[in-house]
Every structure is written in C-alpha cells, then in structure tokens.
Amino acid sequence: MYFDDDLEMYVSEIDGIIFAREDEPTVDYEESLQDVGKKYWSNLDFIIEFMMPDLQEVYGDIDTEMVKAKLGRPTIDFDNGRVDYCEQSFDDIHIFGFEFLDDEFKDLQYFSIDG
C-alpha cells in the first residue's frame, strides 16, 4: 500500500479492486484484502441485484451485464464498510456507493447515487 495524497488515504489495487484506508496498514493487511476481493467478486451478482432498483429508476432499462460493464473498479474501504464506484460510466457526474456489514457482501445497506 502507498499513501495517496489526493485521497489522503493508503491505497492498494488487488485483482481490479482499489482498497483504501485511513491508517497505515499492518504487514499482513494485504493478505486479508485478497480474501475480501475474492468474496466481492463472487458476490457481484448479488451486489448488482441490491443496486438494480435504484439504477433502473435513474438510468432506465438496464440489465446485470450492462451494470457489470459500466461499474468500473470498486474502491473498498474495508475498515468503514463502504464500497464506492468513482469510475462508473453511466454518466460523468455521479459516484455510486453502498455500505456492507459483513465480509461476505451479503448484508448491504444504503445504496446511493451521489453527484
């Protein structure tokens, strides 16, 4: 991990996921992130299903494959239980985000489209 001055956080990219945290990570932290990344990717369809009603309300007739193609890299702040999509390509205005309460990405809350 390295400190990103723009984000003012420590960041690392593993398996197409940007991980961010405020405090300097411990040595074994990146190993645990690999496990989190695998869980994220294996539950992506469930995550999209959670977001889909709000996305369809804003962007109309879309499907799971379109959402996968347009979400961009997720940024996971595991310490705060938050996933953000700053690079989504539905538009160039909004950031999508949600909170997760477990490390399996099964207990999701508060999806938002901010911009």
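Which residue in β4 does Ile18 stand opposite? In this predicted model, Ile18 stands opposite Thr75 in β4. The two strands concerned, β3 and β4, pair in the parallel sense over two bridges. On another side of the pairing pattern, β2 and β3 pair in the antiparallel sense over five bridges, and Tyr10 has Arg21 in β3 as its bridge partner. β2 and β3 form a hairpin with two residues between them. Asp15, in the turn of this hairpin, has a positive phi of about 55 degrees.

Strand β3 is largely enclosed by the rest of the structure, because five of its five residues are buried. Side chains in a regular strand alternate between the two faces of the sheet. In β3, Ile17, Phe19 and Arg21 point one way, while Ile18 and Ala20 point the other way, and all are buried.

The largest pocket holds about 340 Å³ of space. Its lining is made up of 18 residues, of which Leu7, Met9, Ala20, Thr75 and Cys86 are the closest to the centre of the pocket. At least two lining residues come from each of β1 (2-4), β2 (9-14), β3 (17-21), β4 (75-77) and β5. The most is given by β2, with four residues.

Strand β5 (residues 82-85) pairs with β6 in the antiparallel sense over four bridges, and the bridge partner of Val83 in β6 is Phe98. β6 also pairs with strand β7 (residues 108-114), again in the antiparallel sense, over five bridges. Here the bridge partner of Glu99 in β7 is Gln109.

As for accessibility, Phe105 is buried, with a relative accessible area of 0%, whereas Tyr110 counts as exposed at 57%.

Aromatic contacts were examined next. A pair of aromatic rings is described by the distance of the centres and the angle of the planes. The whole structure contains 11 aromatic pairs. One of them, formed by Phe50 and Phe98, is edge-to-face, with 6.0 Å centre to centre and 70 degrees between the planes. Phe50 lies in helix α2 and Phe98 in strand β6 (residues 95-100), so the pair ties together parts that are 48 residues apart in sequence. Phe50 is partly exposed, with a relative accessible area of 26%, and Phe98 is buried at 0%. The pair of Tyr59 and Phe96 is tilted, because the ring centres lie 6.0 Å apart and the planes stand at 55 degrees. This pair also links distant parts of the chain, with Tyr59 in helix α2 and Phe96 in strand β6, 37 residues apart. Tyr59 counts as partly exposed at 22% relative accessibility, and Phe96 counts as buried at 0%. Phe50, Tyr59, Phe96 and Phe98 are members of one aromatic cluster that also includes Tyr85, Phe90 and Phe111.

Two lysines lie over aromatic faces. Lys70 is placed over the face of Phe90, at 5.4 Å from the ring centre, and Phe90 belongs to the aromatic cluster. Lys106 lies over the face of Phe46, at 4.9 Å from the ring centre.

Helix α2 (residues 44-59) also contains Met51. Met51 is buried, with a relative accessible area of 0%. Leaving aside residues up to four places away in sequence, Met51 touches Leu71, Tyr85, Phe98 and Phe111. Of these contacts, Tyr85, Phe98 and Phe111 belong to the aromatic cluster. Met51 and Glu99 are 48 residues apart in sequence, and their C-alpha atoms are 11 Å apart in space.

Terms used. Residues are numbered from 1 along each chain as its sequence is written. This is a predicted model: local features need pLDDT of at least 70, side-chain atom pairs count only at pLDDT 80 or more; totals for chains, interfaces and linings use all residues. Side-chain values use heavy atoms; hydrogens and water are left out. Buried means under 20% relative accessible area, exposed over 50%, partly exposed in between (1.4 Å probe, protein chains only). Contact means heavy atoms within 4.5 Å. Rings of Phe, Tyr and Trp (its six-membered ring) pair if their centres lie within 6.5 Å; planes under 30 degrees apart count as stacked, over 60 as edge-to-face and the rest as tilted. A charge sits over a ring if NZ of Lys or CZ of Arg is within 6 Å of the ring centre and within 35 degrees of the ring normal. Two strands pair if DSSP finds at least two bridges between them. On a 1 Å grid over the protein atoms alone, a cavity is a set of points where a 1.4 Å probe fits but cannot get out, and a pocket is an open set with protein on both sides within 12 Å along at least five of seven lines; lining residues have an atom within 4 Å of a point. Grid points are joined across faces, edges and corners, and a volume is the space filled by probe spheres set on the points.
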